[in-house]
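Here is a short briefing on one protein chain. Keep the structure open while you read, and look up each residue as it comes.

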Amino acid sequence: MKKPGFQMLAVMITAAFFLTSCIPTTGGVATAPTLSATAIASSITTSSAISGGTITSNGGATITASGIVWGTTSNPTIALSTKTITSPVITSGAFIGTVSGLTSGATYYVRAYATNSVGTGYGPQISFVATTGGTSSDIPAVFTNHFTSAVTLSTEG
């Protein structure tokens, strides 16, 4: 005949084994991804520009979306429709994207972003002005007086 104390001890040891085997061993709780940079805008025109970002950590969870978001007010978020989503999703390192649909002469604020199951992390904000395009009236007279009609001049930025 088995003693009841031994059976109870065996049940307790088995329960403790199963409970502790379910505890994550990563040593931490997942956080939103970390981005170290938002790329300075380049190839700026009256309607578009190029930017990007650098993802330095996935926050301990799989990144499900990445890209850049922009707007005419500070600290744009992914709630805005003005964003470029990378495809395929970038999970680490540098990436680029196009900022489009700009209004000539307007100031834009851009942030790179990455999203995981915990939340969205953003890179530092950068800003730039969409070019106004150039016409001959934008060129100072000191320059236009030195060229013939065979030369076309324009300004950018």
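The side chain of N116 reaches the backbone nitrogen of V118 at 2.9 Å. A polar atom of the N116 side chain also lies 2.8 Å from the backbone oxygen of N58. These distances come from a predicted model.

- N116 sits in the loop between β6 and β7 (120-122).
- N116 counts as buried because its relative accessibility is 5%, and the limit for buried is under 20%.
- Leaving aside neighbours within four places in sequence, N116 is in contact with T31, A32, P33, N58, G59, A61, T62, I63 and T64.

**The chain as a whole**

- The chain has 2 helices and 8 strands.
- From the N terminus on, the order of elements is α-β-β-β-β-β-β-β-β-α.
- The chain has 157 residues, and 27% of them count as buried.
- Take the contacts between residues at least 6 apart in sequence: 65% of them join residues at least 24 apart.
- The accessible surface comes to about 9800 Å². Carbon and sulfur atoms account for 62% of that surface.

**The nonpolar core**

- The largest nonpolar core has 18 residues.
- Within this core, the residues with the most contacts are I68, W70, V99, L102, Y108, V110 and F128.
- Five strands are listed as each supplying at least two core residues: β2 (48-57), β3 (65-71), β5 (93-100), β6 (107-115) and β8 (126-129).
- The largest share comes from β6, with 4 residues.
- Leaving aside neighbours within four places in sequence, W70 is in contact with P76, L80, T82, K83, T84, T98, V99, S100, L102, Y108, Y109 and V110.
- V99, L102, Y108 and V110 are among these W70 contacts, and they are also among the residues with the most contacts inside the core.

**G67 in strand β3**

- G67 is found in strand β3.
- Is G67 buried or exposed? G67 counts as buried, because its relative accessibility is 1%.
- Not counting residues up to four places away in sequence, G67 touches T84, I85, T86, F95, R111, A112 and Y113.
- The C-alpha atoms of G67 and T98 are separated by 9.5 Å. Along the chain, G67 and T98 are 31 residues apart.

**Aromatic rings and a charge**

- R111, one of the residues that G67 touches, lies over the face of Y122.
- The distance from R111 to the ring centre of Y122 is 4.0 Å.
- A search of the whole structure finds 1 aromatic pair.

**T34 in strand β1**

- T34 is placed in strand β1 (residues 34-38).
- Its relative accessibility is 40%, so T34 counts as partly exposed.
- T34 is in contact with T54, I55, T56 and S57, leaving aside neighbours within four places in sequence.
- T34 and T115 are 81 residues apart along the chain, and their C-alpha atoms are separated by 9.5 Å.

**Backbone features in loops**

- Which peptide bond is cis? The bond from S87 to P88 is cis, with omega near 5 degrees.
- P88 lies in the loop between β4 (83-85) and β5.
- S43 is not a glycine, yet its phi is positive, near 50 degrees.
- S43 is found in the loop between β1 and β2.
- S43 counts as exposed because its relative accessibility is 54%, and the limit for exposed is over 50%.
- N75 also has a positive phi, of about 55 degrees, although it is not a glycine.
- N75 lies in the loop between β3 and β4.
- At 46% relative accessibility, N75 counts as partly exposed.

Technical notes: Residues numbered from 1 in each chain as written. Predicted model: local features only at pLDDT ≥ 70, side-chain atom pairs only at ≥ 80, totals over all residues. Heavy atoms only, no water. Phe/Tyr/Trp six-rings, centres within 6.5 Å; stacked < 30°, edge-to-face > 60°. Lys NZ or Arg CZ within 6 Å of the ring centre and 35° of its normal. Buried < 20%, exposed > 50% of the residue type's maximum accessible area, 1.4 Å probe, protein only. Contact = heavy atoms within 4.5 Å. Areas by Shrake-Rupley, 256 points an atom, 1.4 Å probe, with all protein chains shown as cover. Core = buried A, V, L, I, M, F, W, Y, C linked by side-chain atoms within 4.5 Å. Polar contact = N/O pair within 3.5 Å; in protein donor to acceptor, adjacent residues only side chain to side chain.
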